There are 2 protein chains.
Amino acid sequence: MNSKKNISELLLKNGIRPSVQRIAVLSYLHSHYTHPTVDVIYSDLSPEMPTLSRTTIYNTLKLFSESGIVKCITIDEHHQHFDGNINPHAHFICHNCGTIEDIFYDSTEKFNFPQNPNLHIERSEIFYYGLCKKCYNI
Amino acid sequence: MNSKKNISELLLKNGIRPSVQRIAVLSYLHSHYTHPTVDVIYSDLSPEMPTLSRTTIYNTLKLFSESGIVKCITIDEHHQHFDGNINPHAHFICHNCGTIEDIFYDSTEKFNFPQNPNLHIERSEIFYYGLCKKCYNI
DNA sequence: CTTTGTGCAAATTCTTTGCACCAAA
DNA sequence: TTTGGTGCAAAGAATTTGCACAAAG
């Protein structure tokens, strides 16, 4: 289980002081693999924490993504989405309903392109676009 | 060669009226495979066309990407980049100098993921991040 | 003459910054 | 008591919108 205690320990292990706000944000991401934006996180958490500010969420997510415990994914130009799942995976985006689905695949991909030698590739970001099951069947 | 005349005909073929501004923007993208932003295009074109406005470039690129003759790529949350090359290819982004390089690969990729059935994938967007040759050798 | 395109200025929206207050070590 | 965290209000920056004028068919 991802108890507050476990989250707290995870933060400490990454050199981050576990404040109430930070625990709340990371717990949220670990229980909502929906790739939320700052605003979604804010809207969902603020009823329970009325003094929470967007600034804190921005600060927190910046800190988290710098230490690698969450991933920031840029899908469209207007919003950053955050992902508490840091295993390598691709994302599927439904262009009708906007849902973002995780796609796990044999990560035997090789970062080697004969036509582009001498690139030092460190990571990849793969997006698939189309219609999800639900939207396709409408 | 991509003369103004050819550009003009390409636009007509796609049901777009070839105005001076539209021809200029598409010519620019066809001769600069550098994935420019609106602002870069604006800065480069405005000396020759002092009355050109950013709004027109936004309008034009929106029109172009809707009809598929250019591609809009969202790499970071702050800028949209535009690509006059509409052949399928991936992009490499150097996190030091920001250069965007095209990567052509055997496009035998299959849009089929056993763990995610019933997705109707139409296109993909693949980004690789790392250091380019120049920045790696510094 | 009617429709479409252009471009200025203002508005919008997501994100960042400055700064004062608060909390923890 | 010193360092780090929070959160408000204001600033910033990319993009969009409203609207009037210009151009094209």
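In chain A, salt bridges link A:Lys71, A:Arg123 and A:Glu125 into a network. A salt bridge here is a side-chain nitrogen of Lys or Arg within 4 Å of a carboxyl oxygen of Asp or Glu. The model is predicted, so local features need pLDDT of at least 70 and side-chain atom pairs count only at pLDDT 80 or more, while totals for chains, interfaces and linings use all residues. Residues are numbered from 1 along each chain as its sequence is written, chains are lettered from A and ligands numbered from 1 in the order in which they are written, and side-chain values use heavy atoms, with hydrogens and water left out.

Over all chains, the whole structure holds eight salt bridges. In chain B, B:Lys71 and B:Glu125 meet through their side chains in one of them, at 3.7 Å from N to O. B:Lys71 belongs to strand β1 (residues 71–76) and B:Glu125 to strand β5 of chain B, so this pair ties together parts that are 54 residues apart in sequence. Helices (H or I, at least four residues) and strands (E, at least two) are DSSP runs, numbered from the N terminus. B:Glu125 counts as buried, at 5% relative accessibility; buried means under 20% relative accessible area, exposed over 50%, and partly exposed in between, using a 1.4 Å probe and protein chains only.

Another salt bridge joins A:Asp39 and A:Arg54, whose closest N and O atoms are 2.3 Å apart. These partners link distant parts of the chain, with A:Asp39 in helix α3 (residues 38–45) and A:Arg54 in helix α4 of chain A, 15 residues apart. A:Asp39 is partly exposed, with a relative accessible area of 40%, and A:Arg54 is partly exposed too, at 37%. A:Arg54 also lies over the face of A:Tyr42, 4.1 Å from the ring centre. For a charge to sit over a ring, NZ of Lys or CZ of Arg must be within 6 Å of the ring centre and within 35 degrees of the ring normal.

What does B:Arg54 form a salt bridge with? The partner is B:Asp39, and the closest N and O atoms are 2.3 Å apart. B:Arg54 sits in helix α4 and B:Asp39 in helix α3 (residues 38–45) of chain B, 15 residues apart. B:Arg54 is partly exposed at 35% relative accessibility, and B:Asp39 is partly exposed at 40%. B:Arg54 lies over the face of B:Tyr42, at 4.1 Å from the ring centre.

The structure holds three aromatic pairs over all chains. Rings of Phe, Tyr and Trp (its six-membered ring) pair if their centres lie within 6.5 Å; planes under 30 degrees apart count as stacked, over 60 as edge-to-face and the rest as tilted. A:Phe127 and B:Phe127 form an edge-to-face pair, 6.3 Å centre to centre with 70° between the planes. A:Phe127 lies in strand β5 (residues 120–131) of chain A and B:Phe127 in strand β5 (residues 120–131) of chain B, so the pair joins two chains. A:Phe127 is buried at 1% relative accessibility, and B:Phe127 is buried at 1%. B:Phe127 also forms a tilted pair with B:Tyr129, at 6.5 Å centre to centre and 45° between the planes. B:Tyr129 is buried, with a relative accessible area of 11%. Ring pairs link A:Phe127, A:Tyr129, B:Phe127 and B:Tyr129 into a cluster.

Next come the DNA strands. DNA strand D is surrounded by 14 residues, the closest being A:Ser19, A:Arg22, A:Ser53, B:Tyr58 and B:His78. A residue is near a strand if one of its heavy atoms lies within 4 Å of it. Sugar and phosphate make up 81% of the atoms of DNA strand D that come within 4 Å of the protein.

Sugar and phosphate account for 80% of the atoms of DNA strand C within 4 Å of the protein. A polar side-chain atom of A:Tyr58 lies 2.7 Å from a phosphate oxygen of DNA strand C, while a polar side-chain atom of B:Thr55 lies 3.3 Å from a base nitrogen.

Technical notes:
A polar contact is a pair of N or O atoms within 3.5 Å; within protein, one must be able to donate a hydrogen and the other to accept it, and residues adjacent in sequence count only if both atoms are side-chain atoms.
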